[in-house]
Structures are given as structure tokens and as C-alpha cells.
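Please open the model in your viewer and keep the selection panel at hand.

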Amino acid sequence: MLGLVPLILLVSMLVFGLLMLVPGDPAVTLAGDDPSPERIAQIRAQLRLDDPVAVRYLRWLRGAATGDLGTSMLSSRTVASALAFALPVTASLAVVALAIGSLVGLTLGTVAGVRRGSLVDRLTTIGSSIGIAVPHFWLALVLLIVFAIDRRWLPVGGYAPLSEGVWEWLRHLLLPACALAASVAAEVARQTRAGVATVMEQDYIRTAVAKGLPRRLVIGKHALKNGAVPAVTVIGLQFNRLFSSAVVVEQVFGLPGIGRLAVESVFLRDLSMIQGVTLVTALVVIVTNLVVDLTYRYLNPKLQQA
Amino acid sequence: MRALLLAAALLLLAACGGGGGGDGDGDGAQDPAGEDATAEPTADAAAHDPDATFCFAWSVSPTSLDPDKISSGALEAFAYPIFDTLVHINAQAAIEPMLATSWDVVDGGAALEMKLREDWTFHDGTPFDAEAVAANIERSKTLEGSTNAASLEAIQSVEVVDDHTVRFVLDGPAAPLIAKLATRAGMMISPAAWDAPDFDLNPQGGSGAFELESNNPDKVVYRAVEDYWDPDKLLVGGLEILNSGDDTGRMNAVTRGGCHQTHLRVEQIPQAEAEGLVVLDGSPIRTYNLYLNTAMSEFDDNRVRLALNHAVNRDEINEGLFDGYCPPITQPFPPGYWAHAENVPGDYYEYDPDKARSLLAEAGLADGFEFEAVVFALDTYVDLATAMQAQFADIGVTMNIRQLPVGEAIAAFVVDRNVAAGVMASQDVSDPAVLARDFYTEGGSWNPGDFSTPEITALHEEAMAKLEQSERAPLYAELWERIAEEAPVVHVCYPSAPSEGHVPTSGGVQVWAAGVRQFRGVYVMAE
């Protein structure tokens, strides 16, 4: 856990440094209709843009340490409030995508691993390759056209918070989540298939079968628990990938998540917001990896003893 | 104080999708079956649903809802529903009463006196009166970082004559000021409300037809106020402005998502029509130009400037680049605007490369010359610059193009003044006096070379001092002709494409002369 702090510091320094290299003056953008020298100078003074880079970084760091990520350079919105609005959207999208992808992947992978060489196994293998290869944005557009534009079964975009009802929330997330879930399902299915297939060859499985245990117990309790260990690792890594992949899908479906916030902030050179988005994203990645490690240790007791 | 720069930054902040309107019979406007954005809403009071929520799909979010902190004209659209202005510019660019019911120039032109509406209060119950107006003007002029201070610099002081009469003591002409009072500079806020800590994002104490209900990054929601002073212009129960992201998202929001209207790019017009949307005709008051710094390169010579004007094939650019949606123009204002001059037609400079070469030879530049132009790093402007570059090459003139983001291009040309030319859109202005001052008088903010002539300056001052558009229009006709003779700018064309699309069961969005949308009078037909 202690390693998190220097890691986050390093990420924040790198991003801050890179932002300083971005061409253009945010004060010019902020001046809008009136980019007179006086107005630009006034804005630069207000935002203290002329302070040395190190001073600006330390000022930001001091605030971040106390939970104050600053205010958007382009609006009066605090970075924290903007993130608080956007993070649940992306998190919802990632969770639903992960749930769909994991469910489909684990199911298909298990069936394929248990029935190696069967038609299901071959179709799962082919489907996995396709699922990994297909770009998210392409799949998102296809789903949008088929299910929202042509058939009008689901909304074309936008986000409904949980406060508007679970079904409304899910309706708005279903298509974008499916676009992201394809690659998740593909990866999980491959890993699960390989793991289950290997475990099914083990002696203790044959012993369990010989003892007369029901097949569903053999598969569910013994084979899957051990065979899914690599899949759990993949699921955790997929969650991190979903956060970055969400950028394009959020644009297609007009979801006001972290991805869209990041894109808009970069185009408008909203340095405070970019720094905040980067920090939060880094935290998500780090925490996710930690959770994956802990889950992995739970599933593999040998690691705990070690 | 440098003047405001509107259309370039604001239109491109709105992803070059700035609105239409202001021209009911503009040259080159396509689709005669489309609606005229200049038409007043014609909803039958019995046919519209007074409880409906009108939805507009856009691509931006407000940076602030405080009228004194809004940074660009396009974003005023978010504030117009909440705050009424002292006067109102209609779709024909004529000034109408609003919170001010009448006005007059008094004391020999030294003051502007306004009578105020007596039957209205701010949303928080604070009386709307002369004291409130004076406080608003004071705030706009003195608030740190106020984006309205420059617009109100002609006001030296404000006097409260009586409860509903206010007098602005002037240090400049009245006509441009009156026009500015139709923009965010004239929005009236309850003085009891503006000190609230979250006033920037959640302003209460407005004076308009709507109150703010919520302001989130994905949409801004308004609800209608009770007993609005102009009930004929409040025909819905609510308003939503969505931030729908890209072009496809906006189109989908209207065709499938329950929204009623969005703005369109030229390439979206066929799809919009195929989907059954009503496409609005109209032109924003905007031109595409090559602005010249007359103090740099060879541009101090009138013959060189004329040569460039004769070297541009405006018809070819209109047909080849814009599919006929950008008719030629050689003056600042397109047809249909009251300050447009019929005596300066689109073919004022005949396309004549031979004449251009001859002019250059007279100027001692028979071998041509070279200069650099900054260009907004957006497809429309880069394509336009590239076309002009090729046409100039025909007469031996080399134009080197440097692409920059909008704000930086403007800064390079008008702030740093280190570039000879700029390919940019004109600013949308609330009054031609502001444009004339910025571009054609010494010290003008868009006049880095300080170009002017005594005749031009005199005409500008005379036109600026008049109040009525009928008196000013002939003066501007003469002014634009004098300017055309001097050619300090290469005006190329004006965009005339339909730019708004709405479902057939709604209507009423006005896009007035400066390209700013107002939702006054929007309606949704009852099912």
C-alpha cells in the first residue's frame, strides 16, 4: 500500500510536466471574445499562470492532498464536482460492461473448457478472436444503428442516473456496455477455457468424478474455482482497460463520463481538469490492481501461506 | 480598450456550427421549402402544449451563467432564458423594447434615457426598477474580470430619474450602446442574488421567462416562470439544452432521442431532410475574409490590396468549396441585414488575374511578393486559405499558410501583430459601428496596421451618432463603398447554408443577427 503514494506522485508529476509542454495559452482561450493583452494578462494573473512550474505543481499537490483539486480553468465548476458527476457514469458503464463480459466469458469459457474439441469450443475460440479484434467504436456504431436508430428498442444516447430508476439506468447503458463487453468476454472466455481445460485433466477432478459427485459440483466447485484464477486476473485488468476504452464509446453515445470530460478538457486546455482526471484515473487503476491481487490470493490459498 | 471579438472565437467554440438567421431573403440561400429563421414564431396558442419541455441538442456546456462572466457570445444562449435584456434584437436585427419600454437620446446626445417596464419583478421578488438597472450597470462595469465592461464603456454614469426611468450619461454614441444592451451586457440580474456563492453555475434572481432548474455537464434544464410579463413569448413549461457531443449524437438526439432541434452542418442537411426535419433557411451575419495588416508586407499600397481582391475567384470558391452555400461578398454585411449596401455587390471586384498583375506591376511588384497568413486550424478555413493560395500564385504572389488554434490565430493577428494576414471569419457584431470602429479606424482592435482615411473616419463618426437605422443605413452604404475602394480587407463570401433543423411538431427558435440562439417563443405542438 505504501508503494501507492510514490506511484501516484510520479504519475502526477509526469502529467503536470507533459501539460506544460502543450502548446497554446489557456488564457487566450479563456479570454473568449476579448483576447486583448490586458484581458489575457488579467486572466494569467488570476490563475497565477506565470508562476514557476515547480511552484504551480506544489500548489496543486498541496491542494490535492487535502482533497481540493482546484477549479476548472474554463468554468466555475470545481474539479472535484466535475469528477463526482462524471465518475459514476464511467464506473457504471465499466461495471455493466464487466458484468456482461464476465458472465458471457465465464460461461462460454467453462463450457468450451469442459467440452474441448466440441462445436461450442471451436465457436468460442473463433468468437474470442473476433471479439478481441473488433474495434469498440465500430461495434458501438453498429449497435447504435441496429438497436437504437433502426429499431428504436433502446435510447440513442445520454445517461440516466440510478435515481431515475434502475431500468432507465440500465436501458441507457446497455448498448455502450455491450460494445465494451465484447472484448472483455473474448479475453475472459479464452483464459477461462484454457484454465478449465487444464484443470479438467487433473487427478483430483478424476477423483471427484469417480467419487460420484454431481457434474455441476465438479465443474462449479472444483474446476471453475481453480480454472478461473487466470480469468480473475484478466477481469481485473479488463476493468482498467474499460476506463480508457470508454472514451470513444462515451463520445458515440453522448455519455457525460470521465472519457468525455478528459477529451473536452484536453481540447480546451483546461489544465486543472486534466490533472484531476489523470489523478483519478491513476487511482482507479492502482486500486483495481490491488483488488485483483487480493482476490487472486483468496482464490489461491498457497499464495496466502507463502 | 480593445473591442470584443465575437464570431471567430465563439463560432468556432461552437464547433463552427454557429447559427443561422437574420436574413429572410439572402442571396444563394438554398432550399426554398425550408423555414425562414427570421420569421417570428407563429404557434397557434390553442395548438401548442403549454406544459411541454422543449429540447435543443447542442455541443457545448456553459462556462458560466453569470452574464458578467460569460466569455463568448455563443454561450449567451444559456443565459437568455434566465435573464431578459433591456432591449431585444429581433430576427430582422431591429431593436425592440423589452425590459426597457422606450428610450430617447436627451441633453443633445449627452445622455440616453430609458423608461422601464413597471409590471415585472425579478424571480426572487426583488422589484425591477431604475435602482436595479443602475446597480446592474455598475456591476457590469466594475466587477473584476467582467466581460461586459468594454461593451458599456460609453456609459459614464447612471442616474435614477424616478422609479422606472434611468438615464445613462454617455461618453460615446448611443446607437452602438443600445444594441449592446440587447446582449449579455444588458441582462438584468436581481441585485439581491448575485452575491450567492454558486451564482456562476446556479444563478437565481433572474428576470427572464425561465428559472434555472439544474446545470449539469450533460444538460441545462429550465422551468417556465409563472405570470411572465410577455405570455405570448412563453409557450412551453420547460426548456432543456443538451450537450450531445458530436454531430452524430446531436442528430440522433433529434431524430430518435426526443429532442426537438439542433444546429446542422452543411453536410448534415440531406440527412436532416431525409429524416423529415424542417430545415431552417437563413444566414448568420458572418463573412469569410483575408484580413490584411496594412503595416506589414506590401499591404500599405492600395494597388497591392486591390490586386489581391481581383485575384480571388469568389464564384469558384462558392461553387467548388461550399457547394453554392457561400455567395461572393465584398463588404462586411450580407444581404438582408439593414446595414448591407446594395451599391457594393458581390462582383464589385471582378475576377481578373490580368488586372491584378497589372496593378502589381504599377506598384513595382511585377515579380510578385511573399507573405504569411495565419489560418484557423479548422477544415473550412484551411480549405479556403488553400484555394486563395493557389489563386494568388497565378499572379505571382506567394501566401504561406500557418495553421493555429482559433484563439492563437486571433492573438497573433490582433494582439501580437506579428503576421501580415489572417484567414478568418468576421466577428458577429451587434452594431455596424462596432465593426467599423474595430476594423477601419486607427487604433481599432482588428486593425493592426492602423488603416484608415479621413473620409472613412468621418463617415463612421457620422453614422455612429445617428440613432435610427433608416438614417444610418445610407451612411453605411457610402462607408462600405469608400472602404471597398481602399480594399484593406479581402472579403470572400458569406455562408448561407441552412443551419438549424427541427422536428415538424416544434418551432420558434430564433437565431438573431449576431448568430446567438434565443429560445424566446419556442413551442411544441400538442399531440
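In what order do the elements of chain A run from the N terminus on? They run α-α-α-α-α-α-α-α-α-α-α-α-α-α. Chain A has 14 helices and 0 strands, where helices (H or I, at least four residues) and strands (E, at least two) are DSSP runs, numbered from the N terminus.

Before moving on, a word on the ground rules. This is a predicted model, in which local features need pLDDT of at least 70 and side-chain atom pairs count only at pLDDT 80 or more, while totals for chains, interfaces and linings use all residues. Residues are numbered from 1 along each chain as its sequence is written, chains are lettered from A and ligands numbered from 1 in the order in which they are written, and side-chain values use heavy atoms, with hydrogens and water left out.

**Stop 1: all of chain A**

Select chain A and show its C-alpha trace, which spans about 85 × 55 × 35 Å along its principal axes. Of the 306 residues in chain A, 46% are buried; buried means under 20% relative accessible area, exposed over 50%, and partly exposed in between (1.4 Å probe, protein chains only). Click on Cys178(A) for an example of the middle class: it counts as partly exposed because its relative accessibility is 29%. Contacts (heavy atoms within 4.5 Å) are worth a look too: among those in chain A between residues at least 6 apart in sequence, 73% join residues at least 24 apart.

**Stop 2: two helices in chain A**

Now select helix 11 (residues 229–253) and helix 12 (residues 258–267) of chain A, whose axes come within 7 Å and cross at roughly 90 degrees. Therefore helix 11 of chain A is roughly perpendicular to helix 12 of chain A. The axes are lines fitted to C-alpha atoms, for helices over the stretch in contact, and angles run from 0 to 180 degrees between N-to-C directions. Angles under 35 degrees count as roughly parallel, over 145 as roughly antiparallel, 65 to 115 as roughly perpendicular and the rest as oblique.

Show side chains here: Val247(A), Glu250(A) and Gln251(A) in helix 11 meet Ile258(A), Gly259(A), Arg260(A) and Val263(A) in helix 12.

**Stop 3: the disulfides**

How many disulfides does the structure hold over all chains? There are 2, a disulfide being a pair of cysteine sulfur atoms within 2.5 Å. Select Cys55(B) and Cys259(B), joined with an S to S distance of 1.8 Å. Cys55(B) sits in strand 2 (residues 53–58) of chain B, and Cys259(B) is 204 residues away, in the loop between helix 4 (247–255) and strand 12 (261–263). Both of these cysteines are buried.

Next, pick Cys326(B) and Cys493(B), joined at 2.1 Å from S to S. Their link is right-handed, with 80 degrees about the S-S bond, and both cysteines are buried.

**Stop 4: aromatic rings in chain B**

Over all chains there are 31 aromatic pairs. Rings of Phe, Tyr and Trp (its six-membered ring) pair if their centres lie within 6.5 Å; planes under 30 degrees apart count as stacked, over 60 as edge-to-face and the rest as tilted. Select Tyr291(B) and Trp446(B): their centres are 5.6 Å apart and their planes at 55 degrees, so the pair is tilted. Both residues are buried.

Finish with the cluster that ring pairs build, which includes Tyr291(B), Phe333(B), Tyr337(B), Trp338(B) and Trp446(B).
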